[in-house]
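Let me put the model up, and then we'll go through some aromatic rings and the packing inside.

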Amino acid sequence: MEQYSVTGMSCAACSARVEKAVSKVPGVTACSVSLLTNSMGVEGSAEASAVIAAVEEAGYGAALKKAGEKAQSSVGTAKEEDFLKDKETPVLKRRLIVSLCFLMPLMYFSMGHMMWNWPVPAVLQGNHVAMGLIQLLLSGIVMVVNQKFFISGFKSLWHKAPNMDTLVALGSAASYVYSIYALFAMTDAQMRMDAESVMSYMHEFYFESAAMILTLITVGKMLEARSKGKTTDALKSLMKLAPKTANILREGKEIQVSVDQVRKGDLFVVRPGENIPVDGIVLEGSSAVNESALTGESIPVDKNPGDQVSAATLNHSGFIKCEATRVGEDTTLSQIIQMVSDAAATKAPIAKVADRVSGVFVPAVISIAAVTILIWLLAGQSIGFALARGISVLVISCPCALGLATPVAIMVGNGMGAKRGIMFKTAVSLEETGKVDVVALDKTGTITSGEPRVTDLIPVGKYSERELLTMAYVLEKKSEHPLARAILLRGQEDGVEDGTEAEEFQAVPGNGLSGKMKGALLTGGNLAFITKSAAVSSEIKQRAEALAEEGKTPLFFAKDGELTGIIAVADVMKEDSPQAVRQLQNMGIQVVMLTGDNERTAKAIGKQAGVDQVIAGVLPDGKESVIRSLKNRGKVAMVGDGINDAPALTRADIGIAIGAGTDIAIDAADVVLMKSRLSDVPAAIRLSRAALRNIHENLFWAFFYNVVGIPLAAGLWYPIFGWKLNPMFGAAAMSLSSFCVVTNALRLNWFNMHDAGKDKKKTQKT
C-alpha cells in the first residue's frame, strides 16, 4: 500500500470526494482516505503522479509519503516524522486570537450598546450608519482572517463537491451580504428622514453573526485538532524510539554513523545503556536487553551469541557485537510503525456507511436551508427572520461528527493495542476481531511453548534421579534428535555436566541411541528399542502408558542391559493458556485446537487447556480445509505461529499470528501478538469490541445531534413552542459536536483490555 498525505480536507465530505476521485484512476484497486490523519492509502499499479493529479483535480493537494525519506511530488515533500505532527493547532490558535481581538469590540457595538445600552463615544451616539460601518469593518477583518473557510468552501462548491467549509462560508457570507443590504437601506431611510425605518434596519444587522460563526467554528476546529493529535500519540512515541546513530566496525575501526547508513551485513557494537540501532544477530558477548519498547515486557531478556536483537531495544548490562540482519524499513520497529500507519489509512466497514451519508449530507443541508428560507418567506415572515433560520440550518449541521466517529475510535484503539503488543494491521481487522464466533488454536507454539521440556524423572531400582539424568545427558549430548535438547537443557539446569563424553556413540535405527561411558554400555530410546537390551516390568510399562496418555513422550534408558529409568519429555503448556481458553469461552466463543500430533497426545493437551474440540493429525494444507468447514458456525479466527499455519491464517476471517517481535512481518495474519501470549487473544477481542462499541456511540450521537439540531434550527418548533435558534448558538453547538465525538473516542485509552470481569457472551451473530 502506497501512502499519501492529503491537504485541504475539512470534513468527511472532502475525504469521500478524494476517495471517489482516486478510485477512478486506472490501475487503482483500492483507495482509503483518513480525515483523522489527513492520509490516503492506495493499492494497485497506478503511478503516483496520476494519483496526485486526481487529488488536485478534485480540488485538494497530495504528496507521496515514505518512511524515513523525502518523496518529491508536485506539491512539495512529505516526510514520515512530519506526517503526524500537529500543524493545525498553532495556526488555528493564531487565527482565533486575532479573531477574538476584533470580535470583542464588534460584540460591544452590536449587542452591548444596542441591547444593554452600553456607552459609546459621543460621536457615535445616535449615529446608526456610523455604527453599521464600524460593524461592517470589524466583521470584514474577522472574515479576512478566516478566509480559509471561504476559499475551501467555495472552491469545493465550484468542483460540485460542497463540504463543511461550504456550509460555514455560505452561512457567514449570507449574514454579511444581507447586513450590507440593510446598511444601504438604512442610509436611504436616513436620507428620507425616516427615523422609524432606520431603527428597524438596525435590528436587521447580522454582522456579529457573520464574525461569530467563523470564530466559534475556529474554536471547535482547534479543540478538534488538539484531540485528533492525541489519537496519534502512540504512533508518535513509537517513532521517537528509533535510534539516530550506530557504532559500526569498518576496516577494523569503530565509527559512528547515522542509522540510515547501516547496511545489511555490517558489524555493529552496543555498549551498556545504548539502544540497539537495527535488527541483528549477536556474534560476541552476552547481555540483558530490555525489549519493553516493542513487546511491553518489562523484564530484560538474556542475549547470547546466536540470539536475535531488535532496533530500539535497550542494552542493559553487557558489551555485544552484532551483525545487521534488517535495516531501514525492514526493522521490527519500522514494520510496527508501518502497521499502525496502514491501519490509520484504511477504513473499517462501518466507516463506509458514515462516508456514504457524509457524501450526500452537505448538498442535502444546503437544500434544506434554501427550502427553510423559502417556506418562512411564504409564511409571511420577514427576510431577516427567514434568513436567520436558513443560516442556522447551515451552521448547526455537522458532517464532521459523522466523518470522525469511526476513524478516531479506530486510531485510538489501534494505538492502545500497539502500546501493549497487539498489532492490528488494518482498521478492518480491528473492527472484525470482536465479531468472531469460533477461535481455532494451533497447538505447538500457541497453546504450548513449542519447546520440549523434561516433565518427569522416574529412576528404577538402585538408581537416583541425578544418576539417571547424568547417563541420559552424556548419551543425548551427541544426538541430533529434537527431544535430546530437552534433556540437555534439564541437565544444564541441574548441573550434571562434568565433561564426560560418550564413546563409540551411534544412533541405532528404530529410535534409539547407544554409547559407552567409563566402559559401561548406555542405551536409550523408545520401549520397542530398549526391550531388545533390557527387561521392562509390566509396572514400568503401565507407568509409561500413563505418561503417554498425558501427552508426554516416555524415553527409556539402560546401563549394561539393566533399566535405569524413564525420562518423560513433553511440549509443556504455556501458563496462561487454560485461562485464555476459559476467557474466550466466557465470551461465548467456541475454542477448537488444531494440531498435526497424534490423537492421544492432542486430546491430552486439549483436556489440560479446556478447549471445546480437538482436531488432530492435521497437516498445514489440511488446517486450511478445517477452517473452511468451521466457517459454517460463524466468523472464524485462526491463531498460529504464522509460518506453517499461513494457509489457515489466510483462509480464516481473522488471522492472528502469535510470535516474537521478529516475526511480525507475517503477511498472512491480520493481527500480530508481539508478546507470544495466548491471553492476548481474548484481550484483542475485548479491545475490538470496545472500539466497535465506541464507534456505535459516536455514530449515534452524531446522527442524534443532526436529527434534533436541524429541525430546531429550521424553526420547526417555532409555531408550537416559540423556539428559535440564533445562528451564533448553532455555530457553537456544531463546533462542540465534533469535539465531543473525538473526546468520547479518547475514553478508550482508559479501557483495560485484560479485565475479564465484564466479558459478555454474544447473543447473536453480527
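This is a predicted model: local features need pLDDT of at least 70, side-chain atom pairs count only at pLDDT 80 or more; totals for chains, interfaces and linings use all residues.

Residues are numbered from 1 along each chain as its sequence is written, and side-chain values use heavy atoms, with hydrogens and water left out.

So, aromatics. Rings of Phe, Tyr and Trp (its six-membered ring) pair if their centres lie within 6.5 Å; planes under 30 degrees apart are stacked, over 60 edge-to-face, and the rest tilted. There are 12 aromatic pairs here. Phenylalanine 150 and phenylalanine 154 are stacked, because their centres are 6.4 Å apart and their planes sit at 20°. Phenylalanine 150 is buried at 13% relative accessibility, while phenylalanine 154, at 35%, is partly exposed. Tryptophan 717 and phenylalanine 721 make a tilted pair, 6.4 Å centre to centre with 50° between the planes. Tryptophan 717 is partly exposed at 32%, and so is phenylalanine 721 at 49%.

Now the inside. A nonpolar core is a set of buried Ala, Val, Leu, Ile, Met, Phe, Trp, Tyr and Cys residues joined through side-chain atoms within 4.5 Å. Which residues have the most contacts inside the largest one? Those are Val439, Ile447 and Val681, in a core of 49 residues. Apart from that lies another core, of 27 residues, including Leu136 and Phe207.

Notes: Buried means under 20% relative accessible area, exposed over 50%, partly exposed in between (1.4 Å probe, protein chains only).
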